[in-house]
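Please examine the sequence and the structure before reading each solution.

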Amino acid sequence: MTLLQLNEHGLYCRTGDFYIDPWGAVDRAIITHAHGDHARWGSRSYAGARDGERVLRTRLGATADITSLSWGETIIMNGVRVSLHPAGHILGSAQIRVEYRGEVWVVSGDYKTEIDPTCAPFEPLRCNVFITESTFGLPIYRWKSRQALFQEIIDWWRANRDAGRASVLFAYALGKAQRILAGLITADVGPIYTHGAVERLTRDYRDAGIALPPTTHATTMPRGHNFAGALILAPPSAGGTTWLRRFGEQSHAFASGWMQIRGTRRSRALDRGFALSDHADWPSLLETVRETGAEQVWVTHGYREQLVRFLEGNGISAQAVASRWEGELEGDVAIADEELAA
Amino acid sequence: MKRFVRLFTEIDNTTRTNAKVDAMVDYFKEADPADAAWAVHFLSGDRPKRLIAVRKLVDWATAETGVPPWLFEECYDAVGDLAETIALLLPQTPAASDTPLHVWIEKRLLPLAKQSEDQQRAAMLQAWRELDGMERFVWNKLITGAFRIGVSQQLVMRALAKALDVEEGIIAHRLSGSWQPTAAAFRALSAPDSSDADISRPYPFFLAYALEEELDSLGDAAAWSAEWKWDGIRAQVLRRDGATYIWSRGEELVTERFPEVAGAADFLPDGTVLDGELMPWRDGRPLPFSQLQRRIGRKSLGATLLADVPVVLIAYDLLEADGRDVRNETFAWRRKRLAELLGQARSAALMLSPALDIRSWDDVRAAYLRARDMGAEGLMLKRHDSSYGVGRRKGEWWKWKLQPFSVDAVMLYAQPGHGRRASLHTDYTFGVWDNGTLVPFAKAYTGLTDTEIRELDAWIRRNTMEKFGPVRHVRPEHVFELGFEGIQGSARHKSGVAVRFPRILRWRTDKKPEEADTIEALRALMEPA
């Protein structure tokens with residue numbers, strides 16, 4: 001029997017009697033981060049990183065029993081030592097380190113190794129078994145530098161402003177939207193308006209002490225307000241809805257790792273796509289696997305078969321494990337908008 | 001190359017047609033004519049013959065990127081475009097050189113055709129190392145095929161006309177025939193002397209009004225000539241100064257797209273202009289208009305397509321004879337002369353539109369009822385003494401069209417198209433109302449623009465209620481006007497009716513689903529069994 005195993009509720013530690021990111025309601029859940037495909041509603045108790053407490057509560061409700069842990073703080077459950085370490089994905093996103101009788105497992109959750117001012121930086125951990133995500137587990141996914149990407153966003157906004165258009169930027173409401181805001185803080189871009197979903201979570205970030213430029217909830221503006229020249233941050237699900245009408249002449253862009261592929265952007269009839277992702281790209285996935293020194297790699301979420309085959313081909317023992325809540329790939333990205341915070 | 005890649009990016013970065021045209025206008029104004037000439041060439045959809053087999057490109061790229069072949073295939077599957085896959089996989093290098101586009105084409109690309117495989121391989125690797133991400137993509141596109149960035153030859157011509165301040169018709173003429181992408185040829189596009197354009201210039205088309213009143217109000221039937229009205233492409237065929245030009249009514253020079261008609265017209269005497277209808281025609285009968293569409297918008301015509309969809313000109317008027325403008329002669333005179341000319345030309349690709357034998361308005365009414373069986377879309381009535389006018393004038397020419405079958409229906413299901421790039425939903429199922437529920441009755445594929453297809457695809461993905469394999473059941477929200485050729489009762493269909501050749505006429509964004517038609521309305525169109 002392995003220290004962690006997959007059962008019908010998800011990833012389970014039998015000795016410690018807890019789940020990591022369970023797929024449904026269980027007794028004890030340890031949560032990597034607050035995205036909907038990882039933090040499911042209804043468990044009796046939760047543990048998560050202190051940094052992410054507010055957003056996790058927004059997701060799980062005021063009455064959820066949540067224990068917050070500091071980075072590196074260890075709790076012991078029936079001899080199993082559990083600690084949380086930054087994953088760099090969004091505010092409060094954690095890798096979960098599980099140790100029992102000298103054997104160490106690390107569950108990455110979603111992660112990126114790039115610097116992000118809205119969350120603690122990813123920390124590589126040595127372990128025997130590493131369970132990694134693989135959302136962008138193909139070598140076509142190599143991110144441009146974030147400086148270059150933010151410059152593209154700023155240039156796009158400026159060209160729209162000069163043409164008297166509003167710039168509607170679609171971005172996942174939790175994490176991506178705030179990372180974009182933080183990246184624009186010194187750029188003199190604005191005014192910035194938000195969709196309600198973005199505004200609520202942005203408030204959580206501010207409450208947690210993350211510095212973000214001022215934003216205004218777009219719906220609070222009087223009817224007929226002129227949005228020309230503004231930047232509007234909205235979740236992808238707002239695309240194609242009547243909510244957008246108020247902004248008048250507008251250009252649409254989407255910030256997501258999926259925008260790396262031209263066809264994905266074109267099939268959504270977007271003007272621009274910015275491949276700004278909160279997930280590890282191909283080189284970082286490989287680098288991270290190497291840094292963990294793991295003898296065994298489990299791969300979940302995304303292009304897992306491909307990453308497994310590649311690792312095996314390079315002498316690293318790997319296997320694919322199912323994940324219940326993954327979004328469909330590529331073409332179907334729109335369906336999974338809210339679940340797949342890519 | 002960098003300036004051209006910027007143009008490509010600007011065009012690719014917008015879904016607005018005007019923005020695409022503006023980007024091209026700026027480019028044509030700024031670019032070196034030697035580069036601009038090639039830009040015109042490629043943006044118009046021309047491309048060199050395939051220079052390198054796809055298999056070889058894949059092999060070289062795989063080796064250069066160090067990615068195992070199976071993983072390359074996985075990447076290709078995810079991206080769906082070879083040029084893009086290779087550009088995404090190649091190692092990033094800072095691009096140093098900015099070699100002009102025409103040098104890339106003339107010194108690097110075209111010579112590939114005569115090189116050995118080893119030389120080709122070395123040349124491709126060298127190019128990849130010299131170019132950066134987007135430049136590599138554009139370069140690979142030049143090697144592998146068309147751009148597909150929502151730019152047509154028409155838009156290129158519009159941009160050229162604006163940039164060079166020359167009439168679009170003159171640009172169209174100057175680009176026609178064997179235009180070669182050279183600096184001199186590009187400069188010649190803006191030449192002030194436009195006498196060259198006159199030779200190829202068609203007459204304005206004379207148009208008929210739709211018949212609204214009773215036939216008897218037109219007076220004596222004996223004063224009128226009747227012909228079938230064909231559903232093809234209205235065109236003028238010009239033979240002047242030893243050259244042939246075919247102009248569509250959209251003022252587009254389409255000579256090269258109809259080689260059989262152009263070839264036949266070469267036997268007409270100089271100074272002849274015919275007016276008629278380009279029709280897909282086989283075994284003495286017209287083919288459906290959808291067949292003709294296969295020949296439109298395609299730059300290279302394969303032998304198979306030419307054999308499958310032969311096109312003829314059904315000539316019904318003569319505008320110029322022996323170099324003289326004869327538009328003020330009577331229709332009777334022009335038709336007689338037209339018949340003589342076509343008799344001399346003796347080609348199956350130039351047909352005289354048959355005059356119907358009518359002696360009374362009852363004969364005309366009887367002919368009208370036979371039109372659908374003839375594959376015609378109605379009748380044309382022209383006074384024997386009418387001249388060929390300008391624009392649209394009431395009284396001398398009338399068109400009497402069959403009521404086409406059309407119905408407003410709601411989209412119910414969608415599924416992806418076929419082929420490597422099967423990422424868009426392009427096959428749709430439509431329904432009409434039957435006692436408060438929508439029953440599916442027709443599937444249709446064609447008829448929407450690329451932009452509409454993409455917009456609809458994005459909407460479909462967001463508004464799927466259920467999935468059955470590749471088929472998505474979508475929210476009944478969008479109304480489309482469907483046209484079809486016939487309708488019959490059918491026990492096999494849930495709706496109880498089967499329609500022939502359904503196609504999308506337009507997207508009725510102005511209609512709500514509750515305004516769509518009912519099954520009763522469809523049944524009312526049914527042909528008597």
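**Exercise 1.** Is the crossing in which α3(A) passes α4(A) left-handed or right-handed? Describe the geometry and the residues of this contact.

*Solution.* The model under study is predicted.
Step 1: Helix α3 of chain A spans residues 176–183 and helix α4 of chain A spans residues 196–207; their axes come within 9 Å and cross at roughly 65 degrees.
Step 2: Angles of 65 to 115 degrees count as roughly perpendicular, so α3(A) is roughly perpendicular to α4(A).
Step 3: The crossing of α3(A) past α4(A) is right-handed.
Step 4: On α3(A) the contact is formed by A:A177, A:Q178 and A:L181, and on α4(A) by A:V198, A:L201, A:T202 and A:Y205.
Step 5: Five residues of this contact are nonpolar, two are polar and none is charged.

**Exercise 2.** Which residues have the most contacts inside the largest nonpolar core?

*Solution.* 
Step 1: The largest nonpolar core comprises 207 residues.
Step 2: Those with the most contacts inside it are A:L169, A:I232, A:L233, B:A39, B:L160, B:V261 and B:L313.
Step 3: Strand β8 of chain B (residues 311–321) gives the most to this core, with nine residues.
Step 4: Beyond its neighbours within four places in sequence, A:I232 is in contact with residues including A:L169, A:Y193, A:F227 and A:F247.

**Exercise 3.** How many residues of chain A are in contact with chain B?

*Solution.* 
Step 1: The contact joins 21 residues of chain A to 27 residues of chain B.
Step 2: On the chain A side, α5(A) gives the most, with four residues.
Step 3: That side divides into eight nonpolar, six polar and seven charged residues.

Definitions and conventions:
Residues are numbered from 1 along each chain as its sequence is written. Chains are lettered from A and ligands numbered from 1 in the order in which they are written. This is a predicted model: local features need pLDDT of at least 70, side-chain atom pairs count only at pLDDT 80 or more; totals for chains, interfaces and linings use all residues. Axes are lines fitted to C-alpha atoms, for helices over the stretch in contact, and angles run from 0 to 180 degrees between N-to-C directions. Helices (H or I, at least four residues) and strands (E, at least two) are DSSP runs, numbered from the N terminus. Angles under 35 degrees count as roughly parallel, over 145 as roughly antiparallel, 65 to 115 as roughly perpendicular and the rest as oblique. A crossing is left-handed if the near helix is turned anticlockwise from the far one by less than a right angle, and right-handed if clockwise. Two residues are in contact if their C-beta atoms, placed from the backbone, lie within 7 Å. Ala, Val, Leu, Ile, Met, Phe, Trp, Tyr, Cys and Pro count as nonpolar, Asp, Glu, Lys and Arg as charged, and the others, Gly among them, as polar. A nonpolar core is a set of buried Ala, Val, Leu, Ile, Met, Phe, Trp, Tyr and Cys residues joined through C-beta atoms within 7 Å. A residue is buried if 20 or more other C-beta atoms lie within 10 Å of its own, exposed if 12 or fewer, and partly exposed in between; C-beta atoms are placed from the backbone.
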